[in-house]
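This briefing is meant to be read beside the sequence and the coordinates.

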Amino acid sequence: MTSSPAPAVISSALAQKQALQDQVLAMIKKPRLAGAAVAMGVGKTLIGLRDMDRLLAGAPLSGPVTKLFLVAAPTQAILDSWPQEAQKFGLTHLLDHIDFTTYRSLSKMLGSGHYHKLYLDECHALKDSHEPGLKAHAARKKSILGLTGTPPAQPDSEKGRLVATYCPILIDYTTDEAVLAGLLNDYRLVVHRLPLSAVRDYQLTFKSGSQLTTSERENYLYWTNRLANAAQDQLPVETLRILRMQALMNYPSKGRYMAHLANQFSEKVLLFTCNQQQAEEQADHTYHSKNKESQANLEKFNAGEIQRLACVAQLSEGVNIPNLRIGIIWHAFGNERKAAQRIGRLLRLNPDETATVHLLMYQGTIDEHWVAQALAAFDPAKISYVDAISYDLPTALAPPGSVVQ
């Protein structure tokens, strides 16, 4: 059983967290269009609620509005955290002044109603389809606050342009800064370098119903050669890249390695897989859209009643899991934001604890590039690499201690 930290440690972390929130609130107070990038766990939602409370306590807000505030987020799970945070911090009086919407309905809400201030939670999820509504809201001289833990890395991208235009980032407080300040627990990132299996036991089934038995290595070489000769291929180069990525995501040796690695731990382990089938193969308890027991499984995992939970990407945002020290990620996606969200699930410990995230990577493939991209924003000193043993066959288990834990 882990000993609890001293009350002074917790009090200091809370005081630092509030001081950081005060700093953010001071920076976003005057600009009509503003954005704040703060590490997960620092209090992004609370910053938004405290900003609303400041506006309500100030001078009367002029002009007819549907409600004073509109909060938009990519998923309902993230929206649900706002009332929960309001209740936790004694700000429930704000809820009568807020409308909530997912990004899917944001344009409709902005088209049918007027709001004094729009709060864009996870503003990095904006798309070009949102721009007409955002432009109309801004043209009425109304305010926007964008909140994110992972601002767009490419300023010329769709998301980068929209964030820069409608909620330009005024403060960027990274995960590593929060760790150094003692606001978040420390972490380690362990990249496991797997060789592609050379055993010809990988079976492909085509739409026609015909089947082909090959190896992971041969199949990857097939897609790499097609990409190298894309100018003569009947498929566009982007399609070929997607097909190669899908092949890498579905090779079974990562699944066998993930299962073995998870079995090395007696405490909670969260498994991030690429799809529902992989999740079902990795654990008895899963969290995904087709599992009616997903929420019940998550509650059991939170309570410590089960030690394994396999999930897909939808668990990345809006969910916090207490006392989670170990996570295993099947595929990096070459996406800094997704990696940060998944790793962020493990930054909810006491400030004096350490979480470990294991990331699986196929050596000598494009997977190496994707992992480098995914981890670009993290402290290199916290990243280590280990050469993993290949599981050419499900029974080929490595001896204990052969992997970094």
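**Cysteines and overall make-up**

Cys167 has a relative accessibility of 0% and therefore counts as buried. The model in which this residue sits is predicted, and its protein is built from 14 helices and 15 strands. Of the 405 residues in the protein, 48% are buried, while residues 24 or more positions apart account for 73% of the contacts that have a separation of 6 or more.

*Cysteines*

- For Cys167 the closest cysteine sulfur is that of Cys123, and because the two sulfurs lie 4.0 Å apart they are too far from each other for a bond, the cut-off for a disulfide being 2.5 Å.
- The structure as a whole holds zero disulfides.
- Cys311 likewise counts as buried, since its relative accessibility is 0%.

*The six-stranded sheet*

- Six strands form an open sheet in the order β3-β2-β4-β5-β1-β6, and their pairing is parallel.
- The edge strands of this sheet are β3 (98-102) and β6, each of which pairs on one side only, and from one strand to the next the twist averages 15°.
- Strand β4 (residues 115-121) pairs with β5 in the parallel sense over five bridges, and within that pairing Tyr119 has Leu145 of β5 as its bridge partner.
- Helix α5 (residues 131-139) packs on the sheet, where it touches β1, β4 and β5, and the direction of α5 makes about 140° with that of β4.

*Strand β1 inside the sheet*

- Strand β1 (residues 33-38) is largely enclosed by the rest of the structure, because six of its six residues are buried.
- In a regular strand, side chains alternate between the two faces of the sheet.
- In β1, Leu33, Gly35 and Ala37 point one way, whereas Ala34, Ala36 and Val38 point the other way, and all of them are buried.
- With strand β5 (residues 143-148), β1 pairs in the parallel sense over five bridges, and the partner of Ala36 in β5 is Leu147.
- With strand β6 (residues 169-173), β1 pairs in the parallel sense over four bridges, and here Val38 stands opposite Tyr173.

*Helix α8*

- Helix α8 (residues 216-228) has 13 residues, which at 1.5 Å a residue should span 18 Å, and this agrees with the 18 Å that separates its end C-alpha atoms.
- The buried residues of α8 include Glu216, Asn219, Tyr220, Trp223, Arg226 and Leu227, and because the buried residues fall within an arc of 125° when seen down the helix axis, they line one face of α8.
- What do the buried residues of α8 pack against? Their partners are the strands β8 (202-205), β9 (211-214) and β14 (354-362), together with the helices α9 (237-250) and α10 (252-262).

*An exposed loop residue*

- Ala381 belongs to the loop that runs between α14 (367-374) and β15 (383-387).
- Is Ala381 buried or exposed? Its relative accessibility is 70%, so Ala381 counts as exposed, the threshold for that class being over 50%.
- Although Ala381 and Arg188 are 193 residues apart along the chain, their C-alpha atoms are separated by 8.9 Å.

Conventions. Residues numbered from 1 in each chain as written. Predicted model: local features only at pLDDT ≥ 70, side-chain atom pairs only at ≥ 80, totals over all residues. Heavy atoms only, no water. Buried < 20%, exposed > 50% of the residue type's maximum accessible area, 1.4 Å probe, protein only. Helix = DSSP H or I, 4+ residues; strand = E, 2+ residues; numbered from the N terminus. Pairing = 2+ DSSP bridges. Axes fitted to C-alpha atoms, helices over the stretch in contact; angles between N-to-C directions. Contact = heavy atoms within 4.5 Å. Expected span 1.5 Å × (residues − 1). Arc of directions from axis to C-beta.
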